[in-house]
Amino acid sequence: MTLLPPSAQTETTSESVWLSTTFAGQWRFALRPAREADAPMVIAVHGSDRDTTGLLGGFDALGDRVSLLVPEFPQVLAGQDIGDDYKFLIGNGVNYLDLLDAMRRDAAAQLNATPRATYLFGFSGGAQFVHRYALFRGQGIEGFIAASPGSVTLLRKDVEWWPGLKGADAMGEMLDIEATARLSIAFLVGDQDRNAGLVSRPAGSSFGSAFADLAGANRIERTRALAESFSDAGLSCEFELIPGAGHELAPCTGAAADILCRWLDNNNASAISTENWSGT
């Protein structure tokens with residue numbers, strides 16, 4: 001799919017200015033500018049329920065020290081249900097790696113500056129997207145937090161994509177694990193988050209695979225297996241069980257905000273900048 005030039009609309013509230021952009025009549029994001037034009041950016045990606053409102057309010061603890069970009073990926077295109085496509089990066093002719101890159105470039109144009117650092121957060125289906133995005137676009141971000149993913153990609157070269165890495169280049173994109181290895185990485189899941197809303201993906205189904213359940217039977221097992229896979233591959237990462245939390249966005253954004261505050265503080269002291277990132 002070819003992305004058309006975006007048409008931007010500015011909505012003013014009592015608290016901030018929100019810029020809403022549509023690509024090709026379908027692709028939208030909200031942008032909350034930070035105090036400084038080139039401040040770090042947090043990109044927060046929704047799950048299947050597309051609760052962008054919860055994401056917009058979920059990082060209030062970061063205040064105006066970051067710009068917050070919240071994409072809204074479509075559920076339906078041309079009458080077809082494409083709600084899960086973004087989780088797996090490519091589907092129905094749309095490359096969601098390129099799509100987010102385009103959103104990032106447009107957001108930078110709206111801010112009139114390139115963020116000096118970029119972090120990704122994803123919840124549920126969004127967590128699937130961000131950890132896979134980081135495998136291909138690690139050179140353009142500083143870190144990511146994946147919270148409660150339902151289906152995960154283990155760093156195993158002997159297992160077919162998407163449960164593993166084998167054959168990932170068939171998508172027309174190149175893995176860059178060396179770039180991923182330099183990122184700040186955290187995996188979160190509620191200690192009560194098990195099978196609620198978990199999608200089964202057997203072979204023959206949409207995005208199905210014979211290895212779909214390789215990482216475990218529920219989100220806790222799968223998130224832990226994902227963290228262990230990264231660690232076993234030599235990538236440093238954090239793993240956190242959130243006490244009392246089920247499959248809920250708010251506890252995850254709260255825990256993620258705490259982690260991001262720590263990363264931002266560390267980044268102020270010493271960090272690899274993405275000022276020269278172009279998204280091309």
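Reply: Two strands pair if DSSP finds at least two bridges between them. Helices (H or I, at least four residues) and strands (E, at least two) are DSSP runs, numbered from the N terminus. This is a predicted model, in which local features need pLDDT of at least 70 and side-chain atom pairs count only at pLDDT 80 or more, while totals for chains, interfaces and linings use all residues. Residues are numbered from 1 along each chain as its sequence is written, and side-chain values use heavy atoms, with hydrogens and water left out.

Me: Which residue in E12 does Ile-145 stand opposite?
Reply: Strand E11 (residues 143–147) and E12 run parallel, joined by 5 bridges. Across this pairing, the residue in E12 opposite Ile-145 is Ala-186.

Me: What is the bridge partner of Gly-190 in E13?
Reply: E12 also pairs with strand E13 (residues 238–242), in the parallel sense and over 5 bridges. In E13, the partner of Gly-190 is Ile-242.

Me: How many residues of strand E12 are buried?
Reply: Buried means under 20% relative accessible area, exposed over 50%, and partly exposed in between (1.4 Å probe, protein chains only). Strand E12 (residues 184–190) is largely enclosed by the rest of the structure, because its buried residues number 6 of the 7.

Me: How many charged residues has the contact of H2 with H3?
Reply: Contact means heavy atoms within 4.5 Å; on the H2 side Tyr-96, Leu-97, Asp-98, Leu-100, Asp-101 and Arg-104 take part, and on the H3 side Phe-129, Tyr-133, Phe-136 and Arg-137. Ala, Val, Leu, Ile, Met, Phe, Trp, Tyr, Cys and Pro count as nonpolar, Asp, Glu, Lys and Arg as charged, and the others, Gly among them, as polar. By class, the contact of H2 with H3 has 6 nonpolar residues, no polar ones, and charged residues numbering 4.

Me: How far apart are the end C-alpha atoms of H2?
Reply: The expected span of a helix is 1.5 Å times one less than its number of residues. For the 16 residues of H2 that should be 22 Å, which agrees with the end C-alpha separation of 22 Å.

Me: How many of the residues of H2 are buried?
Reply: The buried residues of H2 include Leu-99, Ala-102, Met-103 and Asp-106. H2 is mostly covered, and of its 16 residues the buried ones number 12.

Me: What is the relative accessible area of Asn-112?
Reply: Asn-112 lies in the loop between H2 and strand E10 (118–123). Asn-112 has a positive phi of about 60° although it is not a glycine. Asn-112 is exposed, with a relative accessible area of 71%.

Me: Where does Phe-207 lie?
Reply: Phi of Phe-207 is positive, near 55°, in a residue other than glycine. Phe-207 is partly exposed, at 21% relative accessible area. Its place is the loop between E12 and H5.
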